[in-house]
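Here is a friendly briefing to read with the model open beside you.

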Amino acid sequence: MKKIFTLFAVWISAVSLWGQQATLKGKLISAEDQSGVPFANIAVVGTSTGATTDMEGRYEIKLNPGTYTLKISSLGFATKEEKVTLAAGETKSLNITMSKGAVDLAMFTKTEGKYEKRVEELTVSLDIIRPNIIENKNATSADQALQQTPGLVIVDSEPQLRGGSGYSFGAGSRVMVLVDDLPLLSGDAGRPSWSFIPVENIEQIEVVKGAASVLYGSGALAGVINIRSAFPSNTPKTKVTFFGGVYNIRKANRWHSAPDMPFNTGLSFLHSRKLGKNKEFDLVVGGNLFKEKGFIGPSRADTVGALDRTNSGEFENRARMNFNFRHRVHKVEGLAWGLNGNMMYSQSAGTFIWDGASADSVYRSQAGTTTRTLQTVFHLDPYVTYQHKNGTNHSLRLRYFYLDNNNSNNQGNSSQVFFGEYQTRIVVPKVKDFFITPGIMANYTIGKAQLFAGQPPIPVNPYDSVRTDKIGTDAINAAFYVQLEKKFFKRLTVSGGFRLEYFRIGKYDRYTLVDQDGLAPDLALDTNFVETKPITPVFRLGVNYKAAEETYIRASFGQGYRFPTIAERFVKTTVGPAQVYPNPVLAPERSYNVELGIKQGVKIGQFMGYVDLAGFYQRFNNTIEFTFAQWGMATDPLFGLGFRSINIGRSQVWGVDFSIMGQGKFTKDLTMNVLIGYTYTNPKVLDPEKPYAYLVNEFGDTTNTLTNKSTSDTINNPKGDLLKYRFEHLVRADVEFIYKKLMIGASLRYNSMMRNIDNAFYQFESLKVVNGVGRSRNPKGDFVIDFRIGYEVHKGHRVNFIVNNVLNRVYALRPLSPEAPRYFALQYNVQF
């Protein structure tokens, strides 16, 4: 009996010890500067357990006793494997050193799910633009940095992803633009300001394709562009870039004398370091100075020395400065707070359409279509984050965003945005690999503009007058969202979520009735318009299945929506001879997106990368299109002809997206970076002959019925069923070789012809097309090739020579607006 009792006690003790989990904790350290490696992924091979390091590189994992292999990966570091043996109840400390520079498949993003994860595990399509392309191509604004993104084209500063949007005169972007997870679209127009984004301190750019409204709300109808800033390492870094370039317009198209070539020049700087006794403070300071005499010259109506410069050519002068500050509180592990800021002042002039009546007018502005702008813009972003050692984190981010455009021709506008978002990621302790990400956000916008259309009251006494004192608008947007994610069987990841959105928009007009006889006091008159939308729910569901080693199949369904912007609802302005008319009754548009894709990791010799193929379908209801018609009265300028945002009904876009991204390190000294993509889209209006608007005259009589077909270019689109201002075929390619100190790279972009535009645009363009410029003269589309070469002349000193549009193609993306001719630039970088 004693032996049986002893064996039973030993068995009980063994079971008890086995039931006691071990704890593995430590820190990931960069071999380069001994700093912590934040947000790295630690996977326990053969299990579904893992961890993500915090801001200082710390981690903690609970495991049953045994021997395990850890697989550690992080952006910019070589993937590393580490074996560890744990005893029951043991707490083991293990610091792991990570080396940079090796070729690896690992790429990480936090845009798709608002926390760091590997790109191959995503349930949606996503492309990443690395900083080497941005710097080596001498991108002076973020839209130039995005030119090589597969499936993306930027037309007149408006991002178009997979044909999800067309031309809208800069109002109402369907792609949400973020900087460090905070929206950067203007509050009144929903327009990105690309030159305001600090390109000198970009860690990477992440582009999510397809509806993303569950996490990012209105504005993410077609996708998200998230620019992520880099934080300092233990080694201080200072980087300064000088550049100068000239535009080489073809001789036949020149509007200037040979020596007086259009040019730009500028410099950018960045200083990044950690401060404090324990390196607990992060500080980044950067800025940019830029001056350009644009390639679009003055119209023939311009008079040198005249006070009215509405016919002058394009130019831009700007100064920008930004900072990022973060304090990691050592007394409270995982707690950090910080303040980010950015401010810019600029002077510029932009034109709407070219003159184009003769060869030397292609790069001249049409008389009266130039707008000069003095812009002041800044934002301040305080935030607090906390990451618990079990992986749960909390984030509170606030933003104040101010924008003032002092435009010529009494067309100024300003807006203020107050934004706040609280979000947490909960690691469910009793359920393996189950995460819940809830959040709430609120956004309040105040808009003021000379452009807002008012309707002053008509005085009873015809001798009295009405003075407009103020026309302002505001908008409130609030939301609650939840996303859930669970991994099953170590291979299948399922994520889903929903969002509830509230929206209210208001317009407030103040007038004064002035008594001309002076017999009565002036009387204040106010008119208010307020519209509240019911709470809008949207849903998403996605799956990702690891079918084989480095083979991932994904499928997703997501709903999207977009509330009209203040500008689309209320702005009335003049563009040359034409008008832009407001639409106070413009309805929100909704969509859903379905996608099936596969991502395959490849290794051919020393080349490693991903091949991605996806098919997608997006369906829109109440589609908003910017349409040209006679919206005004015959007594208005140009007989009331102009543009207006209008709901045209149902539409759809389906297509295929293919991309290759990777890197090859063939020898110790030879490296190749590759990014190639092709996108086909078929953008269709489902009811092209269904009336969506009825035009009436001043007597209330219907004068015209509008359909998509009646307003379309039916020469190139006979059925009138194509959505306007879209490209069916897009090709993007960038290849770069680095051999020791030498860098050589080339880029290619191909855009097929826009098969459908407004018929009025087509008729006007037909009168302006010369020398192979325009859609009708380039029916096969346009391709552009860029080239760059650089050499490190001394440690930390590099000289780059860039040639954009090598073949000097004369082409346009948006009708009647030429793109840049050949451009030569010399860039000098110094880093210490």
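## Briefing on the predicted model

Eight bridges join β44 to strand β45 (residues 822-831), and the two run antiparallel; strands pair when DSSP finds at least two bridges between them. This is a predicted model, in which local features need pLDDT of at least 70, side-chain atom pairs count only at pLDDT 80 or more, and totals for chains, interfaces and linings use all residues. Residues are numbered from 1 along each chain as its sequence is written, and side-chain values use heavy atoms, with hydrogens and water left out.

**The chain as a whole**

- The protein chain has six helices and 45 strands, where helices (H or I, at least four residues) and strands (E, at least two) are DSSP runs numbered from the N terminus.
- Of the 832 residues in the protein chain, 55% are buried; buried means under 20% relative accessible area, exposed means over 50%, and partly exposed lies in between (1.4 Å probe, protein chains only).
- Among contacts (heavy atoms within 4.5 Å) in the protein chain between residues at least 6 apart in sequence, 68% join residues at least 24 apart.

- Strand β43 (residues 782-794) runs antiparallel to strand β44 (residues 797-804), and seven bridges join them.
- Y791 stands opposite V799 in β44.
- The hairpin of β43 and β44 has two residues between the strands, and G796 takes a positive phi near 85° there.
- On the β45 side, V803 stands opposite F824.

- Strand β23 (residues 370-387) and β24 run antiparallel, joined by 13 bridges.
- Y383 has R397 of β24 opposite it.
- Five residues lie between the strands in the hairpin of β23 and β24, where G391 takes a positive phi near 105°.
- β24 is also joined to β25 by 13 bridges, again with antiparallel strands.
- D404 has S414 in β25 as its bridge partner.

**A five-stranded open sheet**

- The order of this open sheet is β11-β16-β17-β14-β15, and its pairing is mixed.
- β11 (125-129) and β15 (182-183) are the edge strands, each with a single partner, so one side of each is left without a neighbour in the sheet.
- Strand β14 (residues 175-179) runs antiparallel to β15, and two bridges join them.
- V179 has L182 in β15 as its bridge partner.

**Cavities**

- The structure holds twelve cavities of 30 Å³ or more; on a 1 Å grid over the protein atoms alone, a cavity is a set of points where a 1.4 Å probe fits but cannot get out.
- The largest cavity has about 560 Å³ of space, a volume being the space filled by probe spheres set on the points, which are joined across faces, edges and corners.
- The largest cavity is lined by 36 residues, and M176, L185, S218, N443 and N477 are the closest to its centre; lining residues have an atom within 4 Å of a point.
- Elements that each supply at least two residues of this lining include β14, α4 (213-216), β24 (393-407) and β25 (413-427).
- The largest share of the lining, four residues, comes from β28.
- The lining divides into 18 nonpolar, eleven polar and seven charged residues; Ala, Val, Leu, Ile, Met, Phe, Trp, Tyr, Cys and Pro count as nonpolar, Asp, Glu, Lys and Arg as charged, and the others, Gly among them, as polar.

**A buried loop residue**

- T140 sits in the loop between α2 (131-136) and α3 (142-145).
- With 12% relative accessibility, T140 counts as buried.
- Leaving out residues up to four places away in sequence, T140 touches V199, F243, F290 and R318.

**Aromatic pairs**

- The whole structure has 26 aromatic pairs; rings of Phe, Tyr and Trp (its six-membered ring) pair if their centres lie within 6.5 Å, with planes under 30 degrees apart counted as stacked, over 60 as edge-to-face and the rest as tilted.
- F281 and F325 have ring centres 5.9 Å apart and planes at 25°, so the pair is stacked.
- This pair links distant parts of the chain, 44 residues apart: F281 is in strand β20 (residues 281-293) and F325 in strand β21 (residues 315-329).
- F281 is partly exposed, at 25% relative accessible area, and F325 is partly exposed at 22%.
- Y561 and F563 have ring centres 5.5 Å apart and planes at 65°, so the pair is edge-to-face.
- Both Y561 and F563 are buried.
- Y167, F352, F626, F628, F643 and Y725 form a cluster linked by ring pairs.

Technical notes
1 Å grid on protein atoms, 1.4 Å probe; cavity = no way out; pocket = protein on both sides within 12 Å on 5 of 7 lines; lining within 4 Å.
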